[in-house]
Amino acid sequence: MLKKLLAPLALATIALTAAGTAGAQASAQNFPNKPIHIIVTFTSGGAPDTIARLIGERMSADWGQSVIIDNKPGAGGNIGADFVAKSAPDGYNIVVGTVGTHSINGALYPKMPYDMIKDFSPITLLATTPNMLVVHNDVPAKNLKEFIELGKKEGNMSFASSGSGTSIHVSGELFKTATGIDMTHIPYKGRASAIPDLLGGRVTMMFDNMPSSLPLVREGKLRALGVTSLKRSPAAPEIPTLAEAGLPGYEAVSWFAMFAPANTPKTIVTKLQLEIAKILKSPEISKRLLDIGLEPVGSTPEELATYQISEIAKWAKVVKDSGAKLE
């Protein structure tokens with residue numbers, strides 16, 4: 001009797017599932033048929049925002065749909081990333097994830113609002129960039145060696161970041177550990193808030209993304225003491241690496257990647273990946289990114305997933321060894 005009662009229900013469930021699958025496939029085939037929102041987890045003006053706007057402008061032109069850039073800063077990028085993690089898996093809300101939101105924060109924050117792996121569908125690694133150690137012009141040190149000597153002599157230095165858990169924050173913690181300088185971390189809600197205090201001398205230094213600080217260095221408003229990659233940046237080959245300037249092995253590279261909510265249909269992820277990779281590899285966009293210190297990538301989703309897992313392991317060790325904490 002029970003089997004007879006359940007049989008129609010089972011058939012109805014199968015029919016609904018099939019209809020849902022067909023609906024999802026049809027939706028994926030028609031994607032995009034409404035505006036796409038690219039979520040940037042930090043304030044405007046930084047590298048993630050720059051990348052998002054370049055991609056959004058070209059994507060809108062190619063697809064004939066509006067692409068809206070939404071800045072949702074806060075909690076080291078967790079607020080914006082969590083918004084996308086909890087969005088419908090239809091490709092219309094995607095996020096420019098960072099090394100912080102998708103690899104560092106899991107080790108730094110005692111409780112995360114999302115799972116960095118399980119709650120997202122990787123789309124593509126967008127670009128990588130070294131951070132740049134910059135100081136305000138009143139700091140008497142002219143190079144890294146002099147700055148380390150000054151820090152050990154005077155102590156009580158402060159370093160700004162665009163938020164706890166960012167590569168900018170952890171770069172400073174690594175520097176603190178490597179040099180033994182007494183330094184206080186001052187987190188801001190984004191680099192747009194941090195830079196004025198750095199320019200005004202209210203904080204001593206910052207490990208900013210190159211695209212943000214390089215123009216200020218070239219204008220003479222900040223002094224660069226080194227970059228955090230193991231090789232000099234083609235965008236500023238005159239600036240030494242910290243490794244060659246006195247801190248052998250020092251490396252802290254930032255990266256930016258596009259993620260969709262978990263369970264986004266593969267056809268939509270593929271369509272997004274192919275479009276974004278095409279944009280990144282176009283001569284005009286590639287040159288614009290390289291000129292400001294960003295190296296465009298355009299990886300496959302699988303390559304991004306593998307890279308993210310390795311970065312999570314790497315930064316968990318860095319956070320543990322440096323003793324980095326939320327401020």
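Mentor: A nonpolar core is a set of buried Ala, Val, Leu, Ile, Met, Phe, Trp, Tyr and Cys residues joined through side-chain atoms within 4.5 Å. We apply that to a predicted model here.

Trainee: Which residues have the most contacts inside the largest nonpolar core?

Mentor: Met132, Phe147, Phe175 and Met205 do, in a core of 64 residues, and strand β4 (residues 120-136) provides its largest share, 6 residues. Apart from this core lies another one, of 31 residues, with Ile36, Val40, Met59 and Tyr92 among them.

Trainee: What does Phe147 touch, not counting residues up to four places away in sequence?

Mentor: Phe147 touches Val135, Val139, Ala141, Met157, Phe175, Ile181, Thr204, Met205 and Leu225.

Trainee: Why is threonine 98 called buried?

Mentor: Buried means under 20% relative accessible area, and threonine 98 has 6% relative accessibility, so it counts as buried. Threonine 98 lies in strand β3 (residues 93-98) and, leaving aside its neighbours within four places in sequence, is in contact with Thr41, Phe42, Pro48, Ser103, Trp255 and Phe256.

Trainee: How do you know that the radius of gyration of the protein chain agrees with that of a compact globule?

Mentor: For 327 residues a compact globule would have a radius of gyration near 20 Å, and the protein chain has 22 Å, so the value agrees. Along its principal axes, the C-alpha trace spans about 85 × 45 × 30 Å.

Trainee: What percentage of the residues in the protein chain is buried?

Mentor: Buried residues make up 54% of the 327, while the protein chain exposes about 14400 Å², of which carbon and sulfur atoms supply 57%.

Terms used:
Residues are numbered from 1 along each chain as its sequence is written. This is a predicted model: local features need pLDDT of at least 70, side-chain atom pairs count only at pLDDT 80 or more; totals for chains, interfaces and linings use all residues. Side-chain values use heavy atoms; hydrogens and water are left out. Buried means under 20% relative accessible area, exposed over 50%, partly exposed in between (1.4 Å probe, protein chains only). Helices (H or I, at least four residues) and strands (E, at least two) are DSSP runs, numbered from the N terminus. Contact means heavy atoms within 4.5 Å. The radius of gyration is taken over C-alpha atoms; the globule rule is 2.2 Å times the number of residues to the power 0.38. Accessible areas come from the Shrake-Rupley method with a 1.4 Å probe; for residues, only the protein chains shown count as cover.
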